[in-house]
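User: I would like to learn how to read the features of a model like this one. Could we start with helices and then move on to the sheet?

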Amino acid sequence: MQPYSVLDLFKVGLGPSSSHTLGPMRAAERFIQHLNEKHLLDQVHQLRADLYGSLALTGVGHGTDKAVVLGFCGLDPATVDPEVADQTFLKVKTEEQLPLPGGPELRFSMAESVRFFRDIFLPEHPNGMRFTAEDEHGIALLSETWYSVGGGAIANELAKNSAQRDLLAEFPDKRPFPYFNADELLEQAQAHDRSIADITLANEIGLGTSEADVQAWCVHIIDAMFACLDRGMRLEGPLPGGIQVQRRASRMAQSLEKQAQDDQLSVIDWVSVYALAVNEENAAGGRVVTAPTNGSAGVIPAVLAYIRNHLPKLGETAERDFLLTSAAIGWLYKRNASISAAEMGCQGEIGVASSMAAAGLAAVLGGSAAQAEHAAEIAMEHHLGMTCDPIAGLVQIPCIERNAFGAVKAIQAARIALREPGDHRVSLDEVIETMRQTGEDMASKYKETAQGGLAVNVVVC
């Protein structure tokens with residue numbers, strides 16, 4: 001996908017983490033593809049995955065070891081059945097044999113072949129990994145360094161900025177309404193009297209994707225979000241990981257259905273339930289959509305469900321326009337800051353998701369592009385400084401509940417923006433830059449390492 005496309009913000013994959021599960025799985029799968037392209041698969045005798053920094057510190061809780069094994073097996077995170085993934089990993093782990101796709105079956109000991117270097121951070125990104133394939137004499141056939149840079153996106157060898165410069169040189173900007181920051185996006189919207197969703201659609205068409213394919217992409221992403229939400233609303237019991245966090249969405253929904261209908265604030269409870277349902281599925285390793293990450297995957301679906309279930313008068317195009325507007329805002333964060341909690345803390349996940357959802361909701365409620373921009377700014381402004389401190393390295397506490405709060409904040413941000421006269425003081429570009437600076441200043445123990453905050457103050461036996 002071209003670097004200017006906003007559609008890459010949303011990817012279908014397995015939980016619990018886009019940066020620690022989806023990204024490493026895609027990178028490991030790509031490494032095997034490269035071995036195959038170089039006609040080296042038949043010579044491979046040993047595979048090794050070395051994980052560094054944040055990937056090592058929270059890798060077990062986030063399922064990074066499982067992810068690289070599944071990637072080595074050639075499984076695609078967008079299509080593999082979660083149960084097949086679980087069975088495949090269990091078989092490799094217990095039998096210590098790994099079947100290379102189109103190649104030999106290798107001896108594969110988890111302790112020897114997946115190594116965690118918790119004290120070493122590779123220079124380009126906190127989420128670094130190195131894959132090595134050796135022949136029967138222990139000679140390296142191929143070794144590659146990869147980075148999981150947020151939202152399931154991966155970069156091979158090069159720094160993000162270097163990789164981006166190479167991509168920009170390779171792909172000239174063919175967008176009819178180009179922009180690189182929020183101010184430029186607003187200028188395009190005002191100059192051409194178009195909504196953010198209209199600009200997004202036109203730009204994707206300019207990049208070579210047909211309107212029918214963009215529409216189909218929207219349907220695919222929205223359907224995947226609701227499938228995850230619906231499954232999360234049905235299931236009960238403890239989540240995996242050993243700390244006995246219970247699923248709550250199903251029992252909360254049952255309680256809401258029984259209560260009197262005169263509670264005017266019950267819609268807030270429903271939005272919270274929608275968000276919890278998605279992120280409980282994510283924590284269980286189910287199929288989710290990065291929005292823009294797995295850890296924040298519940299915010300945008302929860303606001304989508306609010307639109308579908310509680311605002312039915314908005315019409316058929318509301319969900320599509322919501323998604324396209326949200327994607328455009330998310331692209332700004334990804335380009336000008338980061339959506340990686342290992343770089344930004346949780347402000348880069350929940351904060352960005354809430355900002356995206358706020359803009360999308362403001363737009364479909366009749367707001368102008370400027371009001372959508374203001375809603376995005378409000379939502380992020382009140383997530384600045386949020387740390388990422390998952391207990392036991394699991395994407396459960398405080399991650400699941402944070403999605404509920406991110407969704408509710410998005411709705412309130414949209415409502416405030418729609419009632420403002422348009423003379424707000426802080427711009428979205430300013431708050432994105434503030435988030436970037438805050439993330440860089442934040443101590444590493446608060447950035448998805450489980451070395452600070454709740455992760456060290458809550459005793460887990």
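Analyst: Helices (H or I, at least four residues) and strands (E, at least two) are DSSP runs, numbered from the N terminus. The expected span of a helix is 1.5 Å times one less than its number of residues. This is a predicted model, in which local features need pLDDT of at least 70 and side-chain atom pairs count only at pLDDT 80 or more, while totals for chains, interfaces and linings use all residues. Residues are numbered from 1 along each chain as its sequence is written, and side-chain values use heavy atoms, with hydrogens and water left out.

User: What span should the 14 residues of helix 18 have at 1.5 Å a residue?

Analyst: Helix 18 (residues 428-441) should span 20 Å, and its end C-alpha atoms are 20 Å apart, which agrees.

User: Which residues of helix 18 are buried, and what covers them?

Analyst: Buried means under 20% relative accessible area, exposed over 50%, and partly exposed in between (1.4 Å probe, protein chains only). An α-helix has 3.6 residues a turn, so residues three or four places apart point the same way. In helix 18 the buried residues are Leu428, Asp429, Val431, Ile432, Met435 and Gly439. Their cover includes helix 7 (182-192), helix 13 (318-336), helix 14 (341-344), helix 15 (350-364) and helix 16 (369-381). In helix 9 the buried residues include Trp217, Cys218, Ile221, Ile222, Met225, Cys228 and Leu229.

User: Now the sheet. What is the order of the five strands?

Analyst: Strands of a sheet pair through backbone hydrogen bonds, either parallel or antiparallel. Here two strands pair if DSSP finds at least two bridges between them. The sheet is open, with the order 5-2-6-7-8 and mixed pairing. Strand 5 (114-117) and strand 8 (153-156) stand at the edges with a single partner strand each, so one side of each is left without a neighbour in the sheet. From one strand to the next, the twist averages 25 degrees.

User: How many bridges join strand 2 to strand 6?

Analyst: Eight bridges link strand 2 (residues 46-53) and strand 6 (residues 127-134), which run antiparallel. Gln46 has Glu134 of strand 6 as its bridge partner, and Leu47 stands opposite Ala133. Strand 6 is mostly covered, with seven of its eight residues buried.

User: Which contacts does Leu35 make?

Analyst: Contact means heavy atoms within 4.5 Å. Leu35 is found in helix 1 (residues 18-37) and counts as buried at 0% relative accessibility. Leaving aside neighbours within four places in sequence, Leu35 touches Leu40, Leu41, Val44, Leu47, Ala133 and Leu142. Leu35 and Ala133 are 98 residues apart along the chain, with their C-alpha atoms separated by 8.4 Å.

User: Is Leu314 buried or partly exposed?

Analyst: Leu314 is partly exposed, with a relative accessible area of 28%. Leu314 lies in the loop between helix 12 (299-310) and helix 13, and touches Ile307, Val364 and Leu365, not counting residues up to four places away in sequence.

User: How many disulfides does the count give?

Analyst: A disulfide is a pair of cysteine sulfur atoms within 2.5 Å. By this rule the count is zero. The sulfur of Cys399 is 6.0 Å from the closest cysteine sulfur, in Cys388, too far for a bond. Cys399 is buried, with a relative accessible area of 14%, and Cys73 counts as buried at 12%.

User: What does the UniProt annotation cover?

Analyst: UniProt positions are given in the numbering used here, feature names are shortened, and annotations may be inferred rather than shown by experiment. The unreviewed entry has the annotation "domain: Serine dehydratase-like alpha subunit" for residues 194-455. Over residues 194-455 the chain is 62% helix and 1% strand, and the end C-alpha atoms are 46 Å apart.

How values were computed: Axes fitted to C-alpha atoms, helices over the stretch in contact; angles between N-to-C directions.
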